[in-house]
Amino acid sequence: MTIAEAQENMRFGYFGGAPGLLASGLVWVVAGLFGQLSSAQASIIALFVGGMFIHPISVVICKLLKRPGSHKKGNPLAALVFESTVLLFVGFFIAYAAMLFNAGLFFPIMMMIIGSRYLLFSTLYGLRIYWGIGGFLIVSGIFCTVMQLPFITGAFLGGAIELVSSVLVFQISKSNDPRIQIT
């Protein structure tokens with residue numbers, strides 16, 4: 001299987017990653033609501049626990065959209081999915097550790113970590129839009145940090161970016177326009 005075939009398999013199986021963006025965006029918004037209605041700690045727990053359900057929820061969405069929600073056995077890009085997930089867990093620990101000193105750093109750091117992960121998704125799916133999504137999350141995380149925005153601002157901003165991005169990736173994946181593919 002060539003890289004181009006592997007990317008096509010990932011795009012088809014996971015609808016370009018749009019269901020994952022949708023599920024993740026909703027988790028961010030719910031975490032923001034927990035932060036607004038309860039506490040920073042509840043918000044962080046909501047993001048962590050909700051984050052564990054992003055993949056299963058995205059698989060259900062894929063299946064509802066008549067996609068397998070999986071990739072072919074032997075897809076050489078499968079390792080990249082695992083490796084980028086490790087990055088996510090390390091990033092969560094870093095964000096949590098920073099939050100112990102300054103609660104306002106948690107969501108901006110998570111935006112930067114997840115944005116960095118999305119840069120890898122451009123290779124995983126062969127879609128250039130993930131460079132933009134990743135870059136926008138990274139810059140937004142930096143902006144929230146520099147401007148010292150309130151704790152939950154990052155949660156709602158991260159959620160909004162992912163929800164809007166999910167709509168764009170759904171559109172791209174439905175059209176399967178080769179002009180927006182890396183390969």
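This is a short tour of one protein chain, stop by stop.

The model is predicted, so local features are given only at pLDDT of at least 70 and side-chain atom pairs only at pLDDT 80 or more, while totals for chains, interfaces and linings use all residues. Residues are numbered from 1 along each chain as its sequence is written, and side-chain values use heavy atoms, with hydrogens and water left out.

**Whole chain**

Start with the protein chain as a cartoon. It has eight helices and zero strands; helices (H or I, at least four residues) and strands (E, at least two) are DSSP runs, numbered from the N terminus. Read from the N terminus, the order is α-α-α-α-α-α-α-α.

A compact globule of 183 residues would have a radius of gyration near 16 Å, and the protein chain agrees, with 16 Å. That radius is taken over C-alpha atoms, and the globule rule is 2.2 Å times the number of residues to the power 0.38.

The protein chain exposes about 9,100 Å², of which carbon and sulfur atoms supply 74%; the areas come from the Shrake-Rupley method with a 1.4 Å probe, and for residues only the protein chains shown count as cover. Of the 183 residues, 46% count as buried. Buried means under 20% relative accessible area, exposed over 50%, and partly exposed in between (1.4 Å probe, protein chains only).

Contacts (heavy atoms within 4.5 Å) can be shown next. Among those between residues at least 6 apart in sequence, 79% join residues at least 24 apart.

**Stop 1: Glu 8 and Arg 11**

Select helix 1 (residues 3-13), where Glu 8 and Arg 11 both lie, three residues apart, about one turn of the helix. Their side chains meet in a salt bridge (2.8 Å, N to O). The term covers a side-chain nitrogen of Lys or Arg within 4 Å of a carboxyl oxygen of Asp or Glu. The structure holds one salt bridge. Glu 8 counts as partly exposed because its relative accessibility is 32%, whereas Arg 11 is buried, with a relative accessible area of 7%.

**Stop 2: Phe 15**

Move along to the loop between helix 1 and helix 2 (18-37) and pick Phe 15. Its relative accessible area is 6%, so Phe 15 is buried. Leaving aside residues up to four places away in sequence, Phe 15 touches Met 10, Cys 62, Leu 65, Arg 67, Val 169, Phe 170, Ser 173 and Lys 174. Check the backbone too: phi of Phe 15 is near 50 degrees, a positive value in a residue other than glycine.

**Stop 3: Lys 66**

Go to the loop between helix 4 (54-64) and helix 5 (78-99), where Lys 66 sits. Phi of Lys 66 is near 65 degrees, a positive value in a residue other than glycine. With a relative accessible area of 72%, Lys 66 is exposed.

**Stop 4: Arg 117**

Finish in helix 6 (residues 106-125) at Arg 117. Arg 117 is buried yet has no salt bridge; Glu 162, the nearest side chain of opposite charge, is 7.6 Å away. Not counting residues up to four places away in sequence, Arg 117 touches Val 81, Ser 84, Thr 85, Leu 87 and Leu 88.

Definitions and conventions. Lys and Arg count as positive and Asp and Glu as negative; His and the chain ends are not counted.
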